[in-house]
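Hello,

Here is the structure I promised to pass on. Have a look at it first, and my notes follow below.

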Amino acid sequence: QVQLVESGGGLVQAGGSLRLSCAASGRTFSSYTVAWFRQAPGKEREFVAAITWSGSNTYYADSVKGRFTISSDNSKNTVYLQMSSLKPEDTAVYYCAGRYGTSFAASGRQYAHWGQGTQVTVSS
């Protein structure tokens with residue numbers, strides 16, 4: 001069973017940057033995808049970005065494209081989400097999730113492994 005743990009959340013001013021980390025432990029494969037989701041109070045969970053474990057394929061929601069960068073470091077079993085030009089609308093609990101397979105999936109229901117979440121708050 002794969003275990004995912006997020007870290008790096010916090011309070012940042014609008015326009016600032018923050019890097020989130022998702023550390024994975026357990027059994028992972030090259031045909032594995034890690035994604036970031038976020039959920040704001042009163043809102044449904046939404047897809048943010050995804051990356052194949054090999055790092056060869058990345059996907060972004062339109063709302064974060066050009067501002068967020070997802071990357072992986074297999075030697076550290078870690079996936080990162082570098083967030084720049086942050087907006088108050090980015091405020092949410094951010095979760096990392098994993099699934100076997102490399103096809104694109106934007107629905108949380110397609111992911112079997114989830115972290116506990118880390119709070120990101122962007123002040124105006």
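In this predicted model, four strands make up an open sheet, ordered 1-3-8-7, with antiparallel pairing. Strands here are DSSP runs of E, at least two residues long, numbered from the N terminus, and two of them pair if DSSP finds at least two bridges between them. Strand 1 (3–7) and strand 7 (68–73) are at the edges with a single partner strand each, so one side of each has no neighbour in the sheet. On average, neighbouring strands of this sheet are turned by 15 degrees against each other, direction ignored (axes are lines fitted to C-alpha atoms).

Inside the sheet, strand 3 (residues 18–25) and strand 8 (residues 78–83) run antiparallel and are joined by six bridges. Leu-18 has Met-83 in strand 8 as its bridge partner.

Now for the whole chain: it has zero helices and 11 strands (a helix would be a DSSP run of H or I, at least four residues). Its radius of gyration, taken over C-alpha atoms, is 13 Å, close to the 14 Å of the globule rule for 124 residues, so the protein chain is as compact as a globular protein of that length. That rule is 2.2 Å times the number of residues to the power 0.38. Of the 124 residues, 41% count as buried, meaning under 20% relative accessible area with a 1.4 Å probe, protein chains only.

Residues are numbered from 1 along each chain as its sequence is written. Local features need pLDDT of at least 70, side-chain atom pairs count only at pLDDT 80 or more, totals for chains, interfaces and linings use all residues, and side-chain values use heavy atoms, leaving out hydrogens and water.

Best wishes

Technical notes: Axes fitted to C-alpha atoms, helices over the stretch in contact; angles between N-to-C directions. Buried < 20%, exposed > 50% of the residue type's maximum accessible area, 1.4 Å probe, protein only.
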